[in-house]
Amino acid sequence: MDLFGGSDDQKLTDIGKAEVIYSKASSILTEAKGFMGGYDYTLNPYSGCTFGCTYCYAAFFARFESDMKNWGKWVRVKENAIDLLNKFSKKNVLKGKTIYMSSVTDPYQPVEKKLELTRSLLKLLLPYQPTLVIQTRSPNVVRDIDIFQQFEHIQVNMTITTDSEIVRKTFEPFCPSNKVRLDAIKNVHEAGVPSCITMTPLLPIDNAEIFAKQLLQTGIRKFVVQPFHAEKGKFIAGTREQALNLIKEFDWTDERYKEILRILEKYIPNIGIGKDGFQPPL
Ligand code: SF4
């Protein structure tokens, strides 16, 4: 089924300043590897991402150099995603499998509000009851609480990288504010859906004590931290040049990161660090 109609391989529309491209994908569930190796599959309803975080490693997986350069200005909708997932789930056992949604896009980015593609895919997964982790920076995730509540094993991760709106606007100018994200994940948690706050990457912090208290006020008790990778080329998919330049404007050294982490850990014991923190929930 072609959810969005039409037969052209590529149809372009504009939402705001971002380009929305509709195209057919060859697969929807990808065997997880590397950082996501603790999962069976990753599920990306879109490729590209109009949140366009300056540090986003996913930009390095863009198909064309121009796509990488214009990261944040386009999103590709996998218009045959439902067909692909239907076919996959009929052939493969999904019960007991672990799925991370999503690794190279945000499943609740702005266009999802209108298209409801992520929502449709979640509905399709429901009968198979895989263990599911949702990763987002969007308050629109609250729309699907009714579906999350029907999964036996699920966790919703909200990324909040700083307590400072100045830092947030510098590194994530197209993302929702810190407060909006905190309120959203609090709502998910209060609806009885296991939730986690991921500080990935942890960006410069104004006041670690107050930040820790704000995080705990959500009621959530699961947190993950990952350092900002300031060394380009150390990792296969590193931090984008833009963020490497921006970080120089802040006093954000390894020592400062460790100092902030020590303060956070005083208030929040058992913070998961890096890949270990991202393991699927039991
Ligand atoms: S929301 Fe995630 S996928 Fe989108 S630009 Fe930011 S880091 Fe990348």
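Which residues of α4 are buried? They are L117, T118, L121, L122 and L125. They span an arc of only 135 degrees around the axis, so they sit on the same side of α4. The arc is taken from the directions that run from the helix axis to the C-beta atoms. A residue is buried if 20 or more other C-beta atoms lie within 10 Å of its own, exposed if 12 or fewer, and partly exposed in between, with C-beta atoms placed from the backbone. The buried residues of α4 pack against β4 (41–43), β6 (74–78), α2 (81–91), α3, β8 and α5. Two residues are in contact if their C-beta atoms, placed from the backbone, lie within 7 Å.

This is a predicted model, in which local features need pLDDT of at least 70, side-chain atom pairs count only at pLDDT 80 or more, and totals for chains, interfaces and linings use all residues. Residues are numbered from 1 along each chain as its sequence is written.

**Overall build**

The protein has 11 helices and 12 strands. Its radius of gyration is 18 Å, close to the 19 Å that the globule rule gives for 282 residues, so the protein is as compact as a globular protein of that length. That radius is taken over C-alpha atoms, and the rule is 2.2 Å times the number of residues to the power 0.38. Helices (H or I, at least four residues) and strands (E, at least two) are DSSP runs, numbered from the N terminus. The C-alpha trace spans about 55 × 40 × 30 Å along its principal axes. Of the 282 residues, 41% count as buried. Take the contacts between residues at least 6 apart in sequence: 76% of them join residues at least 24 apart.

**The core**

The largest nonpolar core holds 68 residues. V156, I185 and I197 have the most contacts inside it. Such a core is a set of buried Ala, Val, Leu, Ile, Met, Phe, Trp, Tyr and Cys residues joined through C-beta atoms within 7 Å. Beyond its neighbours within four places in sequence, I197 contacts M158, I160, I185, L215, I220 and F223.

G48 lies in strand β5 (residues 46–48). G48 is buried, with 27 other C-beta atoms within 10 Å. Its C-alpha is 10 Å from that of Q109, 61 residues apart along the chain.

**The loop between β8 and α5**

V141 is found in the loop between β8 (131–136) and α5 (145–148). V141 is buried, with 27 other C-beta atoms within 10 Å. Its contacts, apart from neighbours within four places in sequence, are Y108, I134, T136, V156, A184 and V188. V141 and I210 are 69 residues apart in sequence and 25 Å apart in space, C-alpha to C-alpha.

D144 lies in the loop between β8 and α5. D144 is buried, with 21 other C-beta atoms within 10 Å. D144 touches R119 and L122, not counting residues up to four places away.

| Site | Feature | Angle |
|---|---|---|
| M101 and S102 | cis peptide bond | omega about 15 degrees |
| T200 to P201 | cis peptide bond | omega near 0 degrees |
| E116 | positive phi, not a glycine | phi about 55 degrees |
| N270 | positive phi, not a glycine | phi near 65 degrees |

S102 sits in the loop between β7 (98–101) and α3 (110–115). P201 is in strand β10 (residues 195–202). E116 is in the loop between α3 and α4 (117–125). E116 is partly exposed, with 14 other C-beta atoms within 10 Å. N270 lies in the loop between α10 (254–267) and β12 (272–273). N270 is exposed, with 9 other C-beta atoms within 10 Å.
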